[in-house]
Amino acid sequence: MNVVEFDLVKHIDTRTNRYKRSNIRSNSFPGLATIELNISELCNRTCSFCPRFDPKVYPNQKQFMDLKIVRSLVKQIDNSDWNGNVHLSGFGEPHSHPQLLDIVKILGKSSKVYLELTTNGDRLVDKDINELVDCLNNGLDIVNVDCYDNEEQYQNRKLILDSVNARYTLRKYFDTGMADAVLNYGFTNRGGTMGEVASTGTCHLPFYKTMIDWNGNVILCCSDWHREAGSFGNILKYPLTDIWNGSIIKKIRESLLDSQRVGVCSKCSMNGTKVGKPSLKLWRKSYEAK
């Protein structure tokens with residue numbers, strides 16, 4: 001087994017800095033730091049640590065987020081008192097979306113959005129670096145490029161990214177098996193999809209992060225691959241602020257405040273407490289006041 005050095009402290013620092021960029025004391029979206037968008041249900045890889053390793057577990061689907069959902073999100077953000085992070089990541093490879101640049105341009109028009117994208121780099125760096133440059137010139141603030149193959153891939157990509165003066169983070173997540181991914185990088189079981197565990201204790205994610213699926217549905221988090229917690233509402237039908245402050249997610253938060261994990265959370269291996277404690281405290285105070 002090749003153990004790859006992984007700087008957990010640096011990883012947490014990056015997430016903490018992302019969190020601190022956001023207005024968590026917004027009246028519209030109290031506690032919220034990051035909105036993650038699942039813009040595509042396609043990926044060109046089947047990594048051992050991902051549910052897509054087996055199409056029977058999680059198949060590729062040609063489903064893409066419509067631009068009207070992105071426009072609606074930007075309008076709702078601009079009409080609120082919130083500013084923070086929007087992260088293009090989700091369950092698929094963002095570059096598989098045929099209108100990725102258009103999505104970036106729409107989000108990039110908002111002065112309230114810090115736009116981040118995470119990619120496996122196979123197309124957006126290795127083949128279509130010009131499109132990445134276009135994205136960086138039209139509103140994308142930073143790109144996170146994950147290297148799954150080897151050191152040679154990592155070094156080659158560093159040269160490419162530096163040659164275009166890209167704003168980037170380059171990460172080594174070499175795929176040598178699920179066990180290594182958990183040991184070396186702290187990867188999780190994806191809400192039980194990659195093997196269930198008996199999980200207890202709180203998790204901060206639902207207090208500071210929300211996720212919008214390709215169809216506009218607001219779902220629990222990036223670990224709920226099979227949407228077991230259901231949809232909290234669709235942003236084309238209901239204001240995102242109503243969904244974020246709504247009764248459905250309130251029940252989940254209240255359980256987590258009592259260190260009780262229910263439903264999909266009860267079999268998820270994510271620690272979930274490294275970032276976001278101030279948001280948890282805000283919600284605790286809010287619920288206690290009522």
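Helix 3 (residues 100-108) lies across strand 1 (34-37), strand 2 and strand 3 and runs at about 175° to strand 2. Helices (H or I, at least four residues) and strands (E, at least two) are DSSP runs, numbered from the N terminus. Angles run from 0 to 180 degrees between N-to-C directions, with axes fitted to C-alpha atoms, for helices over the stretch in contact. The model is predicted: local features need pLDDT of at least 70, side-chain atom pairs count only at pLDDT 80 or more, and totals for chains, interfaces and linings use all residues. Residues are numbered from 1 along each chain as its sequence is written, and side-chain values use heavy atoms, without hydrogens and water.

**Exercise 1.** Find the order of the strands in the sheet, and explain why strand 5 and strand 7 each have a side without a neighbour.

*Solution.* Step 1: the seven strands form an open, mixed sheet in the order 5-4-3-2-1-6-7. Strands pair if DSSP finds at least two bridges between them. Step 2: strand 5 (168-172) and strand 7 (218-219) stand at the edges with a single partner strand each, so one side of each lacks a neighbour in the sheet.

**Exercise 2.** Describe how strand 2 is joined to strand 3.

*Solution.* Step 1: strand 2 (residues 84-88) and strand 3 (residues 113-119) run parallel, joined by five bridges. Step 2: Gly-84 has Val-113 as its bridge partner in strand 3.

**Exercise 3.** Identify the residues of helix 3 that meet helix 4.

*Solution.* Step 1: Leu-100, Leu-101 and Val-104 of helix 3 meet Glu-131, Asp-134 and Cys-135 of helix 4. Contact means heavy atoms within 4.5 Å.
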